[in-house]
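Here's a quick briefing for anyone meeting this structure for the first time. Have a look at it, then read on.

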Amino acid sequence: MEFTAEEIKKLISSNVTEIGKEIVVYDEVESTNTIAYELLKEGYPAGTVVIADRQTKGKGRLGRRWISPAGKNIYMSFALRPNITPKYATLITLTSVVACTTAVRRYTEIPVLIKWPNDMLIDHKKIGGILTEMKIEGEKIKAAVVGIGLNINMTENDIPEEIKEIATSLRLCKGEEFSRAMLVAEIIKEFDKWYQLLEKKNRKTIIDRWMALSGTIGKQVKIVLSDRELMGLAEAIDEEGRLIVKLHDGKYEKISAGDVTLLRAK
Ligand code: BT5
């Protein structure tokens, strides 16, 4: 990796309250999410950040794979002990995607959009995704790990065939390379701010910002759930982070997990 934990700590300086007090940087790991959870169990403080240059078993949601080549992108995870009830667990992902999108927009000036719940898109192509994993016991979230994968300096040739149609990178969008260290630092600082809002129950601010950055709200969507598919208008996000969809028969559904495909106007 071209940067050290100390360099990232200098870049975030004293601008954070809880996140990034401990930062661990690796050249290669199976998955930064797995490492972050292990570190938390070993006694590392909540707010520890794990960053790797490459992953050999990068994870997406629902057992999917996150393609994680070396030298180009960011793979980072936040090890957390969120002080919120499981009812609001979805908001952890929404908060994280707001923080990451805001940081990337400010640093690159690229108008990245969010797709519910966890995708970051440019021109309908994915530049990043978030995987939140949690350990819930009773009414308490004992631990949560938020993993962010962000495609930064991949060129056309670096993107494997299997995701060429659906993936892009910041470099491909802007025609210039970006500093991974600077982006990591910006994301940590922004994450710290939004995570404080979540813990202070300032949910409306997070949801409003999510909707403002969203490419989903106000659009016709197709939602693939484990047992069925829905089509309708994505109207809003509710207090628990669920997507409110108005179906064609006028009825409403609240969706808390699933895959959303935007139906594009022909
Ligand atoms: C996600 O899953 O979008 C969550 C990705 C989270 C990755 C981070 S990296 C750091 C941390 N450590 C981990 O092990 N994971 C997290 P999902 O919505 O299920 O999307 C997965 C799908 O995205 C795959 O099935 C591919 O179609 C596509 N995909 C895989 N790698 C990609 C990439 N590098 N860029 C864009 N799309 C990709």
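**Cysteines, sheet and helices at a glance**

The sulfur of Cys100 sits 14 Å from the closest cysteine sulfur, the one in Cys173, which is too far for a bond. This is a predicted model, where local features need pLDDT of at least 70, side-chain atom pairs count only at pLDDT 80 or more, and totals for chains, interfaces and linings use all residues. Residues are numbered from 1 along each chain as its sequence is written, and side-chain values use heavy atoms, with hydrogens and water left out.

**Cysteines**

- The structure has zero disulfides (a disulfide being a pair of cysteine sulfur atoms within 2.5 Å).
- Cys173 is in no disulfide either, with the sulfur of Cys100 as its nearest cysteine sulfur.
- Cys100 is buried, at 0% relative accessibility, whereas Cys173 is partly exposed, at 33% (buried means under 20% relative accessible area, exposed over 50%, partly exposed in between, using a 1.4 Å probe and protein chains only).

**The sheet**

- Seven strands make up an open sheet with mixed pairing, in the order β1-β2-β3-β7-β6-β5-β4 (strands are DSSP runs of E, at least two residues, and helices are runs of H or I, at least four, numbered from the N terminus).
- β1 (23-29) and β4 (113-115) are at the edges with a single partner strand each, so one side of each has no neighbour in the sheet.
- From one strand to the next, the twist averages 20 degrees.
- Strand β6 (residues 125-137) runs antiparallel to β7, and 10 bridges join them (two strands pair if DSSP finds at least two bridges between them).
- Gly129 is found opposite Gly149 in β7.

**A loop residue**

- Asn153 lies in the loop between β7 (140-150) and α4 (170-174), and counts as buried at 5% relative accessibility.
- Leaving aside neighbours within four places in sequence, the contacts of Asn153 include Lys72, Asn73, Asp158 and Arg180 (contact means heavy atoms within 4.5 Å).

**Two helices**

- The axes of α5 (residues 180-199) and α6 (residues 203-212) come within 7 Å and cross at roughly 130 degrees (axes are lines fitted to C-alpha atoms, for helices over the stretch in contact, and angles run from 0 to 180 degrees between N-to-C directions).
- α5 and α6 are therefore oblique to each other (under 35 degrees counts as roughly parallel, over 145 as roughly antiparallel, 65 to 115 as roughly perpendicular and the rest as oblique).
- Trp194, Leu197 and Leu198 of α5 make the contact with Thr205, Ile206 and Arg209 of α6.
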